[in-house]
Amino acid sequence: MADIRVENVSYVYSEGTPFSVKALDNVSFSIGSGKITGVIGHTGSGKSTLVQMFNGLVKPSAGRILLDGKDIWEKGKKMQDLNFKVGLVMQYPEYQLFEESVIKDIAFGPRNMGLSEEEINERVMYGVRFCGIEKDILEKSPFDLSGGQKRRVAIAGVMAMKPDVLVLDEPAAGLDPMGREEILMGIRSFQRETGTTVVIVSHSMEDMAKYCDDTVVMAGGKVFMQGSKEEILPSLIGTTSAVMVCNEYGDWKGDGEE
């Protein structure tokens, strides 16, 4: 298990140019070890930029990201080691599939970790089990699969690396209700069984209420609210706070679609 602390983080796109845009503005909060934390907010709230910092894909313009109390950008840190510790599943990860078979795609991460063939095979089956992938499709091309199957394969490839932190950016976006529930239930089962720290980005309050332990609400590049879902979500529904957030975000979507 691992914890993440965000300290006074800001980020500016195209900094120093006439087109500069501040995506994050002095953001600070903590993500508890061994929990599912939901980061919720409308498109443009800064949530995707934020979580891409957790595994070093984006470097803060100011502030620090700490993993287990250590700055991930500290001199001498190896980004590859960080990528193994913090697994990031980006939006529509199925577009990143590229191997000739499902099993090779899931094995790609573990193989790059320098594991033995026996351990790689064990890791592949580990990801397959948690993502509910049928074994009869393992030798198929990932490009012959349905959208939901591709999504599972992409997530399994990151789970197979057994990261200390699993970050998923809109993991159920674009799926039908059944596919959405299967993906999110699988993620929750994975977390409950392994104790991995999980971060789920969404703009669905329904998903946050059903699958997350803690919630961070983003608005305009800042943290609007944070706490347990029992503390946060009731205060957003039917209150002045909800109106304020809706004005910032636009209408909330229970199904997670824009």
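Two strands count as paired if DSSP finds at least two bridges between them. In this predicted model, strand E4 (residues 62–67) and strand E5 meet that condition, with 2 bridges joining them.

**The open sheet**
- An open sheet is formed by 4 strands, arranged in the order E2-E1-E4-E5.
- The pairing in this sheet is antiparallel, and E4 and E5 run that way too.
- Strand E2 (21–31) and strand E5 (70–71) are the edge strands; each has a single partner strand, so one side of each has no neighbour in the sheet.

**Strands E6 and E7**
- Strand E6 is joined to strand E7 (residues 165–169) by 4 bridges, and the two run parallel.
- Val86 has Val165, in E7, as its bridge partner.
- E6 is covered on both faces: Val86 and Leu88 are buried on one side, and Gly87 and Val89 are buried on the other.

**The largest pocket**
- The largest pocket holds about 590 Å³ of space.
- Its lining consists of 24 residues, and those closest to the centre are Leu88, Gln96, Phe108, Val158 and Met161.
- At least two lining residues come from each of helix H2 (79–85), strand E6 (86–89), helix H3 (102–112) and helix H5 (147–159).
- H3 gives the largest share of the lining, 5 residues.
- Sorted by class, the lining has 15 nonpolar, 8 polar and 1 charged residues.

Notes: Residues are numbered from 1 along each chain as its sequence is written. This is a predicted model: local features need pLDDT of at least 70, side-chain atom pairs count only at pLDDT 80 or more; totals for chains, interfaces and linings use all residues. Side-chain values use heavy atoms; hydrogens and water are left out. On a 1 Å grid over the protein atoms alone, a cavity is a set of points where a 1.4 Å probe fits but cannot get out, and a pocket is an open set with protein on both sides within 12 Å along at least five of seven lines; lining residues have an atom within 4 Å of a point. Grid points are joined across faces, edges and corners, and a volume is the space filled by probe spheres set on the points. Ala, Val, Leu, Ile, Met, Phe, Trp, Tyr, Cys and Pro count as nonpolar, Asp, Glu, Lys and Arg as charged, and the others, Gly among them, as polar. Buried means under 20% relative accessible area, exposed over 50%, partly exposed in between (1.4 Å probe, protein chains only).
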